[in-house]
Amino acid sequence: MMATRMSASSSSGKKTSSKARSSSSSSNVRRLRATTSAPTTPASSAAPPASARGGVPEGTPVVEPRDLPSRPRRNRKSRHLRRAFSETTVRPEHFILPVFVHDGEEDIPINAMPGVSRLGWQNGLVREVEAAMKEGVHQVVIFPKTPDELKTSTAEEAFNPDGLAQRSISLLKEKFGNDIVVYTDVALDPYNSDGHDGIVSDAGVILNDETIHYLQKQAVSQARAGADCVSPSDMMDGRVAAIREALDAEGFTDVSIMSYTAKYASAFYGPFREALASAPKAGEAHRIIPPNKKTYQQDPANYREALREAMLDEEEGADIMMVKPGMPYLDIIRLLRDNTTLPVAAYHVSGEYSMLKAAAAAGYLNEQDAVLESLLSMRRAGSDLILTYYATQAARWIQEGGLDASQGGD
Ligand code: PBG
């Protein structure tokens, strides 16, 4: 059977060439029919009815229909058929909108992220959340821009009950109640004068267990402000169990944990660090500050290590696992999807947003199609949730018909 198919395809070069309407080619087809015991209908009556194909351009070669055992294109032949067989959907309810807030009135645009601003926490934040909800996006994650004068090397501002993050959480929950799901970021970097997710020792070591002590306080203060879900993005070992324990001890058994399970030391976070002015700072003579986060975030070369982190997070009581960044790590999303029963989230990060915006602005890509395809790819890889700066815009595009509508045709 295999050999027969091979011989049929080896004759295809001849048959598709307009110069090769030879009798030897049609006898090939007959030979194939005989050996595969296909119906012996004359080849001409098997040609598609003219109405289905319409006319053909002059110069189109006349060929015998190939005797293909399967034609996958049959299942793609019209829009409604394609919709019926579509294996993956991306909907507004899958999105979490990340928002940057600051302690002022105005919205301050972020240079590397056109269309995204640090929002005034009382005005812009509420406006953007309302706009998202109008499009069907009911989940946000809040990132506060802390003024430099409040940053310290031990980042106590992270658990100030009256801090910017805490006030923003309370405001959204007071205004919108259960119409909005509020996620928070648990990590010290927005509050740390050294620009790291944990406390940095003089020798430049990011202290694990000491940092966790403050992450517990941070998570509890966010829960107290009304957060639905706290999201540790710090990559310290053992923080999920420690945060669970601290939340439970304070009575917050209903507050969930979305763990940044597989967070890679990625160049794609650059624009985010600009937004929060949170990049690692330069060291001084008597203090080393590591210029990158490679001693706690994962090596982009590693796959198995993500599974190790996932197993720990599951044991420690995470409710949702996250992979970050998104598109460059689709294999990791699939790995977690196949190895946990927990929901999986993908973070379509700042640098991914910037790339799409820049290519669209230059006219190199159709923004809507490229964005929706990117988001769909993360869903196909196995993510339930997607954190994306495109959430509101993508939700609107989806309501308007998504990829189907924008590309037109049938
Ligand atoms: C910090 C944090 C980062 C992001 C989310 N939380 C940056 C970092 O780890 O340096 C990145 C998000 C993005 O790039 O969109 N804890």
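This is a predicted model: local features need pLDDT of at least 70, side-chain atom pairs count only at pLDDT 80 or more; totals for chains, interfaces and linings use all residues.

Biologist: Which residues of α11 are buried?

Modeller: Ala-306, Glu-309, Ala-310, Asp-313 and Glu-316 are buried in α11. Seen down the helix axis, the buried residues fall within an arc of 130 degrees, so they line one face of α11.

Biologist: And what covers the buried residues of α11?

Modeller: The cover includes α9 (239–249), β9 (256–263), β10 and α12.

Biologist: Which residues are exposed on the other side of α11?

Modeller: Arg-304, Arg-308, Met-311 and Glu-315 are exposed there.

Biologist: What span should α11 have?

Modeller: At 1.5 Å a residue, its 13 residues should span 18 Å, and the end C-alpha atoms are 19 Å apart, which agrees.

Biologist: Changing topic. Which residue has a positive phi of about 60 degrees although it is not a glycine?

Modeller: That is Ala-155, in the loop between β4 (139–144) and α7 (164–176). Most residues other than glycine have a negative phi.

Biologist: Is Ala-155 buried or exposed?

Modeller: Ala-155 is buried, with a relative accessible area of 1%. Ala-277 also has a positive phi, of about 45 degrees, and sits in the loop between α10 (270–276) and α11 (304–316). Ala-277 counts as partly exposed, at 31% relative accessibility.

Biologist: Last one: where is the cis peptide bond?

Modeller: It joins Lys-324 and Pro-325, with omega about -10 degrees. Pro-325 lies in the loop between β10 (320–324) and α12 (330–337).

Methods:
Residues are numbered from 1 along each chain as its sequence is written. Side-chain values use heavy atoms; hydrogens and water are left out. Helices (H or I, at least four residues) and strands (E, at least two) are DSSP runs, numbered from the N terminus. Buried means under 20% relative accessible area, exposed over 50%, partly exposed in between (1.4 Å probe, protein chains only). The expected span of a helix is 1.5 Å times one less than its number of residues. The arc is that of the directions from the helix axis to the C-beta atoms. Contact means heavy atoms within 4.5 Å.
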